[in-house]
Amino acid sequence: MPSNKSVSDAPIVQFTNCRILRSHQLQREDLWVREGKILNPEKLFFDEKGSADIQLDCKNSIIAPGFIDVQINGGFGVDFSLATDDFKSGIDLVSQKILSHGVTSFCPTLVTSPPSVLPQISIRNGGAHGAGILGAHLEGPFISKEKKGAHPEHCLRTFEAGAFQDLLATYGSLDCVRIVTLAPEMKRSSEVIRELTKQGICVSLGHSVANLSQAEEAVQHGATFITHLFNAMLPFHHRDPGIVGLLTSDKIPAGRRVFYGMISDGIHTNPAALRIAHRAHPKGLVLVTDAIAGMGLAPGRHTLGQQVVEIDGLNTYIAGTKTLSGSVATMDTCVRHFQEATGCSVETALEAASLHPAQLLGIEHKKGTLNYDSDADFLMLNDGLYVQATYIAGEEVWRQDALGM
């Protein structure tokens, strides 16, 4: 049956012999793509009387939405927090390299550092050049000195009388900012959270010594995310569970979901803690890499913002200390470790790196799912959840075979 081109002249591609992740289930269906979007085959058949121009045999692969990394500090020798003359080529390199790990869009994350880098980040669509940039994640400098982690103390700030104006003066423009991590126990943080939320920016709680009531108040003012749960916050205590208590709090406003990032690399979070968080609040779990410049590089000394870090296997420490400083695990590694550690379903593991971050950012109508009319950003994976091919807007942008692997 010939294609009916009355709607569009663009070719229709039909991916066959695959299992598609749709509606939280792997379903044995074909995937239909045209002009970068996922098609509803019923509309194609019955309304357009159309059919495929190209058929691709997926050889029983899993097809899942592309991964979205909302916390990545760099990788492959590039540190997003360092101002350099060739910053653009650095971010281009990372966005290209992470395609092989299934990431189709991401939020470049800046740790506390001089503000000269932020103007160089711009939102852009993904493609053969690399994963799409959704906007910056600014982690600090409005964080706790006690839980600063790898953030240099002399750069940390507090909110003074101007509060939101202080934040604007520190960051400059918020045009390309998607997430701001701050410590909610800081004075005047509530008005900052309200204003950021009003501007459509996601507020995340982290690097903080907040108690549970301070964390709940922040959520009531609009905060929706927790930066790398368990790391850089007060440990869980049964009389005051701190920020961790948000996972089961009964003070969350109706209709609001609190999401939380997890670095599922087997280093930052013990598998038992990963299981506790997942079982307490499965729909809020967002896998993040928190990757630093050393991701993809050999062990040794590398940078994270203003600090020198040492890589030893999957461990990354501030040089000369045992303070963890970001991860070198890739997103596909985190997905596999999460599934293995929790015993969750394949569907659940894949959604933690795709659907949940899309919901956090409010873009689930176009990213993070394989629903009809959403962006055709997707992966082919084998049963072991190893990425075989990556597609953005329906175009193949990476394939394992092409690298002879």
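Guide: Let us begin with strand β5 (residues 54–65), which is joined to β20 by 4 bridges, the two running antiparallel. Strands and helices here are DSSP runs numbered from the N terminus, with at least two residues (E) for a strand and at least four (H or I) for a helix, and two strands count as paired if DSSP finds at least two bridges between them. Residues are numbered from 1 along each chain as its sequence is written, and side-chain values use heavy atoms, with hydrogens and water left out. The model is a predicted one, in which local features need pLDDT of at least 70 and side-chain atom pairs count only at pLDDT 80 or more, while totals for chains, interfaces and linings use all residues.

Within this pairing, I62 has L381 of β20 as its bridge partner. Strand β20 is also joined to strand β21 (residues 387–392), again by 4 bridges and in the antiparallel sense, and there L381 stands opposite V387. In general, strands of a sheet pair through backbone hydrogen bonds, either parallel or antiparallel. The hairpin of β20 and β21 has 5 residues between the strands, and in that hairpin L385 takes a positive phi near 65°. Along β20, the side chains F378 and M380 point one way and L379 and L381 the other way, yet all of them are buried, a word that stands for under 20% relative accessible area, with exposed meaning over 50% and partly exposed in between (1.4 Å probe, protein chains only).

K367 counts as buried because its relative accessible area is 15%. The side chain of K367 makes a polar contact of 3.0 Å with that of D375 and another, of 2.8 Å, with that of D377; such a contact is a pair of N or O atoms within 3.5 Å, where within protein one must be able to donate a hydrogen and the other to accept it, and residues adjacent in sequence count only if both atoms are side-chain atoms. Apart from neighbours within four places in sequence, K367 is in contact (heavy atoms within 4.5 Å) with I68, S105, A358, D375 and D377.

Another loop, the one between β16 (285–288) and β17, holds D290. An unreviewed UniProt entry places the feature "active site" at D290; UniProt positions are given in the numbering used here, feature names are shortened, and annotations may be inferred rather than shown by experiment. D290 is buried, because its relative accessible area is 5%. Not counting residues up to four places away in sequence, D290 touches Q71, N73, E139, H228, I263, G326 and S327.

Strand β17 then belongs to an open sheet of 3 strands, in the order β17-β18-β19 and with antiparallel pairing. Its edge strands are β17 (300–304) and β19 (315–318), each of which pairs on one side only. β17 pairs with strand β18 (residues 307–312) over 5 bridges in the antiparallel sense, and R301 has E310 in β18 as its bridge partner.

Finally, the cysteines: a disulfide is a pair of cysteine sulfur atoms within 2.5 Å, and by this rule the count is 0. C202 is in no disulfide, the nearest cysteine sulfur, that of C107, being 8.7 Å away.
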